[in-house]
Amino acid sequence: MRRLGSLAVPYWRGFLLAVLAMAVFALTEIGFAIAVERLTGLLVNEGGPWARWLPVGVLGLFLIRGVSGFVSAHQLGRIGRSVVGQLRAMLFERFLHMPVRAVEKRPRAQLLSRMLYDAEQVADAASTVITTIVRDSLTVLGLVAYMVYASAGLSAVVLVVAPLIALTARVLSRHFRRYSSRIQENMGEVSRITDEALRGLRIIKVFGGARRESERFARANESNKRLHLKLIMARAGGDGVTMLLAAVGVASVAWFVAQYSVTDGLEVEKFTGFMAAMLLLMTPLKHLTNVNASLQRGLAAAESVFGLLDSAVESDGAATLAERAGERARGELEFVRVSFSYDREGAAALRDVTLGIEPGERVAIVGRSGSGKSTLVSLIPRFFEPDAGELRLDGRPLNDWQLPALRAQIALVTQDVILFNDTLANNIAYGSLSGADAGAVEAAARAAHVMEFVESRRDGLDALVGEGGLSLSGGERQRVAIARALLKDAPVLILDEATSALDSRSERHVQEALDRLMRGRTTLVIAHRLSTVEHADRIVVLERGRIVEVGPHAELLARGGHYASLHRLQFRNSGNAG
C-alpha cells in the first residue's frame with residue numbers, strides 16, 4: 001500500500017479534491033436523514049417554516065450528491081489510470097532490462113498476465129476501492145454521529161453489532177486474498193495455453209491436436225471458474241452476514257421501542273430521522289464489506305507486480321573514457337575456462353571452454369544439436385552470465401564493459417529472425433541505427449539483396465512488414481536481418497544459422513554479401529550445413545559442451561575425428577536424399 005501510495009503522490013491535489021467531494025457526498029446522506037426528520041415534523045405539526053423550502057432542499061441534496069459523486073469518481077479514476085499506466089511502463093522497462101536467462105525461465109504469457117491482468121486489479125484497488133473506503137467510511141461516521149445526536153440510547157443498541165461486522169470483514173479478508181492470488185496464477189495459465197495454441201496453430205492442425213488443446217484449456221478455464229465462484233460465494237456470504245447483523249441491530253431497536261424503555265422524551269421527528277439514518281447505514285456497510293474482496297484482489301496483484309519489479313536487472317560495468325568516446329573494439333575474443341548451465345542442478349551446457357579468437361578471424365562453430373553452439377555465442381553479448389570462467393573482449397573482461405558499449409561492438413543475425421511491426425527501413429535502421437541516412441539504409445538493403453523483393457512493392461522500403469514480419473517469407477526476413485547487421489558495421493559479427501531459411505539462389509547472393517561483411521571483422525558462424533563453413537579460418541567442434549577439436553577444414557578432415565565423422569554423415573545423408 002505504501003508503494004502504491006508513492007506512485008499516487010504526484011496527484012495529491014486531485015486526491016484531496018476527491019476526498020473533499022466524497023465528504024460532501026457523505027454529508028448528503030446525513031441531509032436525507034435530516035430531511036426525513038423535517039418532513040415528519042411537518043406531518044406532526046401540520047405545517048411549519050420548513051414546508052416551503054423542504055422540496056427545494058431535497059432537490060438541492062440530489063444535485064450536490066450528483067456533482068460530488070462525479071468529481072470524486074473522475075479524480076480517483078484519473079489517479080487510478082495514471083498509476084496503472086506507471087506500473088505498466090515500469091514493468092515494460094523491467095522486461096527490457098531483466099537478464100535474458102530470467103525472462104526465458106518464465107512463460108511469456110505469465111509476464112503478459114502480470115502487465116495486463118494484475119496491473120488492472122491494482123488500478124481497481126487504486127480507484128474503486130479507495131472511493132468506497134473513503135466515501136462510505138465518511139458516510140458511516142456521519143450517519144452514526146447523527147444517530148447519536150438523535151438518540152444516544154438507541155445508538156448504543158445498534159452499535160453493539162459493530163464489532164461483529166468488523167470481525168466478519170476480517171475473517172473474509174483471508175479468504176479474499178487467498179482466492180485472489182490463486183485466480184491471478186490461474187489467469188497466467190489460461191494466457192499461457194492460449195498463447196501456445198495461437199503460436200502453434202499450424203502444428204495443432206496438421207497433427208490433429210485441437211482436441212488435446214481444447215481439453216487443456218477447458219481444465220484451466222474450469223479451474224478459473226471454480227476459483228471465481230468461491231470468491232463470489234465468500235463475497236455473497238459476507239453480504240448476507242453483514243445484512244443479518246444489521247438486521248439484528250434494527251430488530252433490537254424495534255424491541256426496545258416496543259418496550260418503551262429508551263424512547264421516553266424522544267420526539268417523533270427525531271425518532272423517524274434516527275430510523276432513516278439507520279436504514280441509510282445499510283448500503284455503505286454493505287459496500288465496505290464488499291470492497292474487501294476488491295481490496296484483497298488488488299493487494300495480491302500488487303504483490304505480484306512489485307515482486308516482478310523487484311527482480312534483478314542485468315549487471316553493468318563501469319564506463320571508461322574510451323567507451324564514452326565510442327571507440328571501436330579490435331574484436332579480440334577470449335574464453336577462459338568457461339562453464340555454463342541453464343539449470344544449476346542439470347547437465348552443463350558448456351564445460352571448461354577455453355578459446356582465443358584473433359581480431360578479424362572467421363571462426364565456425366559446429367557440432368550436433370544440443371552441443372552448446374548457440375549457448376557459446378550467447379555469452380558474448382552477455383545474454384547469459386557464465387557460472388565459471390571469464391570472457392574477454394580486447395583483453396578486458398566483459399563484466400568491465402558497460403552493456404551498451406559492449407553490445408555496440410556486436411552485430412547478430414539469428415536463425416529465428418525478429419522483425420517488428422514497422423517499415424522495412426525502420427527494421428533495418430533499428431534502435432541505435434535509427435539515425436542512419438536513407439542512402440546508407442538502401443545500400444545495406446541492396447547489399448543483402450533486400451531490394452530484389454522490395455522494388456516491386458509500391459511503398460518500397462517504407463512498406464510495413466506486419467506483426468513478426470508475416471508479410472515476408474522466411475528467406476526475405478533473413479535478408480532484412482542481414483541488412484541490419486550490414487548497416488551496424490560492428491567489429492564482432494555473430495551468425496547463428498543466418499542462411500538457414502534461404503533457397504539456393506538467395507543463399508548464393510546473401511553469402512556473397514556476408515563474405516563482404518565478414519572481411520576485417522571477428523566473425524563467429526554457427527551452421528549445421530558444414531558446406532557453409534569450409535572456408536572459415538578455423539572450425540571449433542563442440543561435443544556435449546566441450547571443445548573436442550579445433551582447426552581448418554582440411555586439417556580436421558585429415559584427422560578423421562569428430563568433424564570428419566560429422567562431415568561424412570552429413571554428406572552421406574545428402575547423397576541419399578539426392
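Trainee: How much accessible surface does the protein have, and what share belongs to carbon and sulfur atoms?
Mentor: The accessible surface is about 29400 Å², and 59% of that belongs to carbon and sulfur atoms. Accessible areas come from the Shrake-Rupley method with a 1.4 Å probe, and for residues only the protein chains shown count as cover. Keep in mind that this is a predicted model, where local features need pLDDT of at least 70, side-chain atom pairs count only at pLDDT 80 or more, and totals for chains, interfaces and linings use all residues. Residues are numbered from 1 along each chain as its sequence is written, and side-chain values use heavy atoms, with hydrogens and water left out.

Trainee: Thanks! What share of the residues counts as buried?
Mentor: Of the 578 residues, 45% are buried. Buried means under 20% relative accessible area, exposed means over 50%, and partly exposed is in between, with a 1.4 Å probe and protein chains only.

Trainee: And how many helices and strands are there?
Mentor: There are 21 helices and 10 strands. Both are DSSP runs numbered from the N terminus: helices are H or I with at least four residues, strands are E with at least two.

Trainee: What share of the contacts joins residues 24 or more positions apart?
Mentor: Counting contacts with a separation of 6 or more, 78% are between residues 24 or more positions apart. A contact means heavy atoms within 4.5 Å.

Trainee: Let's switch to rings. How many aromatic pairs are there?
Mentor: The structure has four. Rings of Phe, Tyr and Trp (its six-membered ring) pair if their centres lie within 6.5 Å; planes under 30 degrees apart are stacked, over 60 edge-to-face, and the rest tilted. F340 and F384 are stacked, because their ring centres are 5.3 Å apart and their planes are at 20°.

Trainee: Where do those two sit in the chain?
Mentor: F340 is in strand β1 (residues 333-340), while F384 is in the loop between α13 (373-378) and β4 (388-393), so the pair ties together parts 44 residues apart in sequence. Both F340 and F384 are buried.

Trainee: How are the rings of Y342 and F384 arranged?
Mentor: That pair is edge-to-face, because the centres are 5.3 Å apart and the planes are at 85°. Y342 lies in the loop between β1 and β2 (350-357), so its pairing with F384 links parts 42 residues apart in sequence. Together, F340, Y342 and F384 make one aromatic cluster.

Trainee: Is Y342 buried or partly exposed?
Mentor: Y342 is partly exposed, at 42% relative accessibility. F384 has a relative accessible area of 6% and is buried.

Trainee: Which charged ends sit over rings?
Mentor: R135 has its charged end over the ring of F25, 4.8 Å from the centre. R396 does likewise over W401, at 4.4 Å from the ring centre. The rule is that NZ of Lys or CZ of Arg is within 6 Å of the ring centre and within 35 degrees of the ring normal.

Trainee: On to sheets. What is the order of the six strands in the open sheet?
Mentor: The order is β6-β7-β8-β3-β9-β10, with mixed pairing. Two strands pair if DSSP finds at least two bridges between them. β6 (410-413) and β10 (546-551) are at the edges with a single partner strand each, so one side of each has no neighbour in the sheet.

Trainee: Which strands in there run parallel, and over how many bridges?
Mentor: β7 (residues 492-496) and β8 (residues 522-526) pair in the parallel sense over five bridges, with D496 opposite I526. β3 (residues 362-367) and β9 (residues 538-543) also run parallel, joined by five bridges, and I365 stands opposite V540.

Trainee: In which sense do β9 and β10 pair?
Mentor: They are antiparallel, over five bridges, and E543 stands opposite R546. Their hairpin has two residues between the strands, and R544 takes a positive phi near 55° there.

Trainee: Where is T522, and what does it touch?
Mentor: T522 is in strand β8 and is buried, with a relative accessible area of 0%. Leaving out residues up to four places away in sequence, its contacts include R330, I357, P359 and V492.

Trainee: Last one: what order do the strands take in the sheet of four?
Mentor: That open sheet runs β2-β1-β4-β5, with antiparallel pairing. β2 and β5 (396-397) are at the edges, each with a single partner strand, so one side of each lacks a neighbour in the sheet. β4 and β5 pair over two bridges, and R392 has P397 in β5 as its bridge partner.
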